[in-house]
Each structure stands twice: as C-alpha cells, then as structure tokens.
Amino acid sequence: MASATQTIEPLYFLQSQITQINGKDFSEYDVCMAASDKVSSENVRGAQKIRNLWRIYLNNLEARVKLLTTGLDIGCQHID
C-alpha cells in the first residue's frame with residue numbers, strides 16, 4: 001500500500017520583522033539555521049525570500065506547529 005504524501009504549508013514572516021546586522025540582510029542559510037535551532041535540522045527543507053516575504057519549508061506538521069508556538073530567534077531578534 002502506497003503512503004499518502006502530506007503537503008505542509010510553509011511558515012511566513014515579513015522582512016520588516018527582522019532588521020539588518022551591520023547593514024547586511026539575513027540569508028536563506030541564516031534563516032534555516034535559526035529554524036534548525038528550534039526543530040531538528042532534518043525537519044527544515046529550506047527557506048526562500050521573495051521580495052519582502054520569507055518562507056520556511058518544513059518536512060512535517062509537528063515541526064511547523066513547534067515553530068509557530070515557540071517562534072524563531074534570528075540574529076538577537078525574536079519573531080513570533
């Protein structure tokens with residue numbers, strides 16, 4: 001029997017929710033590492049910035065719920 005694949009909606013946050021450090025924007029790598037601090041790195045698929053909207057892609061619903069409830073710490077800043 002084939003298992004059904006589950007589509008997990010990405011987490012979204014605005015670029016305006018985080019400020020630059022030393023005049024430099026955060027990279028996709030920085031966002032992925034911040035997400036990996038809250039959930040296992042195996043659960044983070046990637047991050048993407050399109051214009052001013054960030055997306056964090058996760059492998060499972062539990063990781064998404066955990067990030068939603070605990071928030072994200074990136075560069076000395078907390079995002080709820």
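**Burial, core, pocket and salt bridges**

Me: What percentage of the 80 residues in the protein is buried?
Reply: The structure is a predicted model, in which local features need pLDDT of at least 70 and side-chain atom pairs count only at pLDDT 80 or more, while totals for chains, interfaces and linings use all residues. Residues are numbered from 1 along each chain as its sequence is written, and side-chain values use heavy atoms, with hydrogens and water left out. Taking buried as under 20% relative accessible area, exposed as over 50% and partly exposed as in between (1.4 Å probe, protein chains only), the buried share of the 80 residues is 35%.

Me: What share of the contacts with a separation of 6 or more is between residues 24 or more positions apart?
Reply: A contact here means heavy atoms within 4.5 Å. Among the contacts in the protein with a separation of 6 or more, the share from residues 24 or more positions apart is 59%.

Me: Against which elements do the buried residues of α1 pack?
Reply: The buried positions in α1 are Val31, Cys32, Ala34, Ala35 and Ser36. The buried residues of this helix pack against β1, β2, β3 (53-58), α2 (61-70) and β4.

Me: Which residues is Leu72 in contact with, leaving aside its neighbours within four places in sequence?
Reply: Leu72 is one of the residues that touch the most other members of the 19-residue core. Once its neighbours within four places in sequence are set aside, the contacts of Leu72 are Phe13, Ala34, Ala35, Ile56, Leu67, Gln77, His78 and Ile79.

Me: How much space lies in the largest pocket?
Reply: On a 1 Å grid over the protein atoms alone, a pocket is an open set of points where a 1.4 Å probe fits, with protein on both sides within 12 Å along at least five of seven lines, and lining residues have an atom within 4 Å of a point. Grid points are joined across faces, edges and corners, and the volume is the space filled by probe spheres set on the points. For the largest pocket, lined by Leu11, Tyr12, Phe13, Ile56, Leu67, Leu68, Gly71, Leu72, Ile79 and Asp80, the space is about 160 Å³.

Me: Which element provides the largest share of the lining of the largest pocket?
Reply: By class, this lining has eight nonpolar, one polar and one charged residues, where Ala, Val, Leu, Ile, Met, Phe, Trp, Tyr, Cys and Pro count as nonpolar, Asp, Glu, Lys and Arg as charged, and the others, Gly among them, as polar. The largest share of the lining, three residues, comes from β1.

Me: How far apart in sequence are the parts that Lys49 and Asp25 tie together?
Reply: A salt bridge is a side-chain nitrogen of Lys or Arg within 4 Å of a carboxyl oxygen of Asp or Glu, and the side chains of Lys49 and Asp25 form one at 3.9 Å, N to O. Because Lys49 lies in strand β2 (residues 44-50) and Asp25 in the loop between β1 (11-14) and α1 (28-38), the pair ties together parts of the chain separated in sequence by 24 residues.

Me: How far apart are the closest N and O atoms of Asp73 and Lys38?
Reply: Both residues are partly exposed, Asp73 at 38% relative accessibility and Lys38 at 23%. The closest N and O atoms in their salt bridge are separated by 3.1 Å.

Me: What is the phi of Cys76?
Reply: Cys76 is found in the loop between β4 and β5 (77-79), and at 90% relative accessibility Cys76 counts as exposed. Although Cys76 is not a glycine, its phi is positive, at about 75°.

Technical notes
Helix = DSSP H or I, 4+ residues; strand = E, 2+ residues; numbered from the N terminus. Core = buried A, V, L, I, M, F, W, Y, C linked by side-chain atoms within 4.5 Å.
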